[in-house]
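This report describes a structure in short sections. Please keep the sequence and the 3D view at hand while reading.

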Amino acid sequence: MASPLCVKVEFGGGAELLFDGVKKHQVTLPEQEGPWDIRNLLVWIKKNLLKERPELFIQGESVRPGILVLINDADWELLNSHLYLSLPCSNTWQ
Amino acid sequence: MPAPTCSSCHAARAALRRPRSGQALCGSCFCAAFEAEVLHTVIAGRLLPSGAVVAVGASGGKDSTVLAHVLRELAPRLGITLHLVAVDEGIGGYRDAALEAVSSQAARWELPLTIVAYADLFGGWTMDAVARSTAGSGRSRSCCTFCGVLRRRALEEGARLVGATHIVTGHNADDMAETVLMNFLRGDAGRLARGGVLGSAGEGCALPRCRPLQFASQKEVVLYAHFRRLRYFSEECVYAPEAFRGHARDLLKRLEAARPSAVLDLVHSAERLALAPAARPPPPGTCTRCGALASHALCQACALLDGLNRGLPRLAIGKGRRMLQAEPPLPGNPSQATSDPAAPQESCSCEQSRDGATLCREGGDRAGATCDLQSDVSPSE
């Protein structure tokens with residue numbers, strides 16, 4: 001059971017155009033059954049933040065090739081891309 | 001799950017893994033490595049000699065922003081001076097915003113900026129006007145073909161205006177790989193063979209051109225801009241969805257996901273291609289109208305503009321092109337951008353070509369030469 005989670009999500013390099021031009025989003029991910037990881041975060045972003053043309057952002061279960069994902073300024077391909085997000089609301093991740 | 005430690009400084013947390021070496025580096029070691037590689041590309045290829053006045057094709061996009069930033073860092077070591085040259089194709093709602101980005105970059109970096117406009121150079125033909133003119137001709141992507149040719153000519157003009165000795169553009173490895181794929185898909189053997197050269201020697205009256213970021217993958221260009229906190233303009237050209245290059249790009253991205261080194265490997269494969277003698281194009285001559293390097297009687301820029309002015313914009317593209325005769329200019333033709341009455345009319349002798357693979361005999365007016373059709377060149381971002 002995952003408790004609510006505060007995450008700072010930033011879009012850049014043109015990606016923000018799919019999100020009404022808004023680059024920085026402070027989001028609170030709701031409680032849910034399983035843990036929060038990057039994969040379901042992306043699904044949440046697509047459902048709740050994405051404003052247009054989902055095919056330019058998501059392809060299958062991941063981002064469209066060509067889109068870079070950085071977690072705390074590190075390339076997610078360097079880390080396990082199914083990184084679990086586990087800190088409660090008092091902490092924020094970028 | 002913690003990230004590994006940087007394998008260069010062994011101190012900071014690694015931020016990325018380099019696609020070719022697999023090396024894990026932190027942000028600042030990566031930026032240092034990136035800059036060192038660009039420096040090596042320029043020095044090993046003898047691209048920008050000391051004393052060079054370098055015109056940087058600046059679009060406000062990520063590639064030319066990174067290019068200008070890196071060259072500015074390296075300028076003292078290379079002994080070169082930089083001028084930013086921006087091209088205004090006359091695309092409403094896109095190019096004007098991008099030019100604002102270039103202007104603020106020029107101010108921040110304290111570099112001189114010159115803007116050249118299609119409307120001035122090509123008798124009022126902005127890209128919006130070209131797009132309207134080609135809209136009914138059945139191949140909507142053809143307006144990008146015009147833009148590639150005309151922008152190359154415009155950049156050459158801007159470079160001459162500032163007294164440059166060399167032109168640099170921000171094409172990255174992905175751009176080069178896409179071009180290789182496009183040339184294969186179009187059966188363009190001549191361009192495939194010429195595609196591997198690092199830079200154009202500048203045959204005839206064309207200024208030498210090179211692409212210092214040619215071996216940098218697009219992903220690394222984006223990461224460099226991110227870690228150096230560079231600001232750039234990142235909207236897509238309004239006509240881009242129609243360009244053929246988009247198909248090559250999609251394919252390349254899927255290939256890269258399966259095999260990260262595919263992008264650079266594709267560029268290196270193309271460099272090593274050798275053409276069968278029967279496939280080599282004939283040596284180019286000069287344009288009978290403007291004197292620039294040309295494979296036919298008219299160079300691509302003159303041929304395309306001619307077609308536009310006659311109201312027959314498809315004439316200069318594809319098979320129809322072969323039937324275009326070199327006739328005297330019609331009234332209202334654009335002023336000749338590079339008309340040089342003293343330009344030699346004989347075939348280019350091409351002794352300056354620095355790479356045997358592109359001697360004129362093999363049709364080697366390098367893709368960078370103003371009159372060669374490098375269609376659908378991605379707007380250097």
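How many helices and strands are there in chain A?

## Fold of chain A

The model is a predicted one. Chain A contains 1 helix and 8 strands. Their order along the sequence is β-β-β-α-β-β-β-β-β.

Of the 94 residues in chain A, 37% are buried. Among the contacts in chain A with a separation of 6 or more, 51% join residues 24 or more positions apart. The accessible surface of chain A is about 5300 Å², and carbon and sulfur atoms account for 50% of that surface.

## Interface of chain A and chain B

At the interface, 18 residues of chain A make contact with 20 residues of chain B. The two chains bury an area of about 1600 Å² between them, 60% of which comes from carbon and sulfur atoms. A:L68, A:D73 and A:L78 provide 35% of the area that chain A buries against chain B, more than any other three residues.

Chain A and chain B are also linked by 3 salt bridges. In a salt bridge between A:R64 and B:D250, the closest N and O atoms lie 3.7 Å apart. The side of chain A that touches chain B consists of 8 nonpolar, 5 polar and 5 charged residues.

## A residue of chain B

B:A97 belongs to helix α3 of chain B, which covers residues 95–109. Is B:A97 buried, partly exposed or exposed? B:A97 is partly exposed, because its relative accessible area is 29%, a value that falls between the cut-offs of 20% and 50%. From B:A97 to B:F215 the C-alpha to C-alpha distance is 29 Å, and the two are 118 residues apart in sequence.

Conventions. Residues numbered from 1 in each chain as written. Chains lettered and ligands numbered in written order. Predicted model: local features only at pLDDT ≥ 70, side-chain atom pairs only at ≥ 80, totals over all residues. Heavy atoms only, no water. Helix = DSSP H or I, 4+ residues; strand = E, 2+ residues; numbered from the N terminus. Buried < 20%, exposed > 50% of the residue type's maximum accessible area, 1.4 Å probe, protein only. Contact = heavy atoms within 4.5 Å. Areas by Shrake-Rupley, 256 points an atom, 1.4 Å probe, with all protein chains shown as cover. Buried area = accessible area lost by both parts, 1.4 Å probe. Salt bridge = Lys/Arg side-chain N within 4 Å of Asp/Glu carboxyl O. Nonpolar A, V, L, I, M, F, W, Y, C, P; charged D, E, K, R; others polar.
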